[in-house]
Amino acid sequence: MKEFQTIAFIGLGNMGLPMATNLVKAGYTVYGVDTNSEAEKKFSQDGGKIGVPTELLAKQVDIVMTSLPTPQIVEKVYLGDGGIVENADSALTIIDFSTISPQLNEKIYAITKEKGINYLGAPVSGSVSGAVNGTLTIMVGGDKKVYDQALPLLRVLGDNPFHLGESVGVGTVIKLLNNLMIGFYTQAVAEAVALGEQMGVKADTIYDVLSVSFGQSRIYERNYKGHIAQNDFNPGFSTNLLLKDLKLAKQMADENQTPLPIGDKLIDLYSEAVEKGYGEQDMASVYLMVKELIASKNDGLVSNKN
C-alpha cells in the first residue's frame with residue numbers, strides 16, 4: 001500500500017495552520033496554501049513550503065487536505081474552474097476536514113470517483129487547542145481502505161480518529177449533531193452564569209459547584225475557564241462559525257422532515273448575537289449578549305420608576 005509523503009494543506013486558519021504544522025513536525029513534506037499571506041508566512045517559518053499554485057500542487061503531491069470555513073469555499077476549491085479536481089490525476093487522495101453538508105460531501109465524492117480520485121469527508125472536533133496539541137476527534141466517512149492508508153496522517157492530527165462508514169457524509173452528520181449540542185450548551189452556560197450573577201452568586205462559585213454536579217459539561221469548562229472567567233473572547237471557535245453549523249444542521253433536519261424546536265430558536269439567538277457584533281468573537285461571547293440584555297432590562301425598569 002502506497003505511503004503518503006507529500007501533502008498539500010489548503011486553509012491555514014485557526015485550525016488548519018496548527019494541523020499542517022503538526023504534519024511538518026512529524027516529518028512530512030507539506031505545501032501550505034491560504035489567501036492570507038501572513039498565515040502562509042507563519043507556516044513557512046514553521047518549516048512548511050509555500051508559493052506553489054493550487055492547480056500545480058494537485059499534480060505534485062500524494063494527498064490534498066483542506067480545512068476551510070464555508071461549504072461555498074470548499075466547493076470552489078475542489079470543483080471550481082482551476083480547482084483541485086480539474087487539475088488532479090487519479091493517483092490523488094483528498095481529505096476535507098471542513099464542516100460542510102452531507103450533500104456536498106456526496107457531490108464531491110461522485111465527481112472525484114468519476115476521475116478515480118479517492119475522497120474522505122473528515123470533519124473534526126476539539127477546537128484550536130486540539131489542533132495545536134494533535135488531540136482532535138476526526139469523524140471520517142468513506143472507503144475503509146483509503147481511511148486505513150491515511151490513518152498514520154490522521155493519528156498525527158488527532159487522538160480520536162473514527163471510521164464511521166462507507167458513506168462520505170456520515171462524519172458530517174455526526175459533526176453537525178455535535179455542533180447542534182454545542183449551540184445548546186453554549187447558550188445554557190451564558191444564561192445560567194448570567195442569571196446566577198444577577199442573583200448575587202459569584203461566577204466562580206457557580207462553576208466550582210456545577211463542575212462536580214450534573215450541570216457539568218466540557219463546553220461549560222471550555223467557555224467559562226477559557227473565556228468568561230478571563231474576560232477574553234478572542235475566537236477559538238467564532239459565533240459566526242457556530243451559526244453557520246447550526247444552519248447546516250437545520251438544513252439537514254428539514255431535508256429529513258425532523259423538527260428542531262430548540263434548534264430553531266438557537267439560530268435566532270445566534271443570528272441576533274452576530275447582528276449585535278459578536279460574530280467575530282468566540283461563541284462564548286453570547287454570555288456578553290445575555291449580560292447586555294439584563295442591563296438593558298434593568299435600565300428600563302429604572303426609567304419606568306422615574
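Is Glu292 buried, partly exposed or exposed, and what is its relative accessibility? At 34% relative accessibility, Glu292 counts as partly exposed. The legends below describe close-up views of a predicted model.

**Figure 1. Salt bridge between Lys276 and Glu292.** The closest N and O atoms of Lys276 and Glu292 are 3.7 Å apart, and the two residues form a salt bridge. Lys276 belongs to helix 13 and Glu292 to helix 14 (residues 286-305), so this pair ties together parts that are 16 residues apart in sequence. A search of the whole structure finds nine salt bridges.

**Figure 2. Network of salt bridges formed by Lys250, Asp254 and Asp264.** These three residues are linked through salt bridges into a network. In the contact between Lys250 and Asp254, the closest N and O atoms lie 3.2 Å apart. Both residues are found in helix 12 (residues 239-255), where they are four residues apart, about one turn of the helix. The side chain of Lys250 also meets that of Asp264 in a salt bridge, at 2.9 Å from N to O. This second pair links distant parts of the chain, since Lys250 is in helix 12 and Asp264 is in helix 13 (residues 261-278), 14 residues apart. Lys250 is partly exposed, with a relative accessible area of 23%. Asp254 counts as partly exposed at 44% relative accessibility, and Asp264 counts as partly exposed at 29%.

Figure 3. Thr186 is located in helix 9 (residues 170-198). Its relative accessibility is 1%, and Thr186 therefore counts as buried, the limit for a buried residue being under 20%. Leaving aside residues up to four places away in sequence, Thr186 touches Ile219, Asn223, Tyr270, Met283, Ala284 and Val286.

**Figure 4. Pairing of strand 1 with strand 2.** Five bridges join strand 1 (residues 6-10) to strand 2, and the two strands pair in the parallel sense. Within this view, Phe9 stands opposite Gly32 of strand 2.

Figure 5. Three strands, in the order 6-7-8, form an open sheet with mixed pairing. Its edge strands are strand 6 (124-125) and strand 8 (160-163), each of which pairs on one side only. Strand 6 and strand 7 (residues 137-140) pair in the antiparallel sense, over two bridges. Ile138 in strand 7 is the bridge partner of Val124. Helix 9, the helix that holds Thr186, lies across strand 6 and strand 7 and runs at about 135° to strand 7.

Methods:
Residues are numbered from 1 along each chain as its sequence is written. This is a predicted model: local features need pLDDT of at least 70, side-chain atom pairs count only at pLDDT 80 or more; totals for chains, interfaces and linings use all residues. Side-chain values use heavy atoms; hydrogens and water are left out. A salt bridge is a side-chain nitrogen of Lys or Arg within 4 Å of a carboxyl oxygen of Asp or Glu. Buried means under 20% relative accessible area, exposed over 50%, partly exposed in between (1.4 Å probe, protein chains only). Contact means heavy atoms within 4.5 Å. Two strands pair if DSSP finds at least two bridges between them. Axes are lines fitted to C-alpha atoms, for helices over the stretch in contact, and angles run from 0 to 180 degrees between N-to-C directions.
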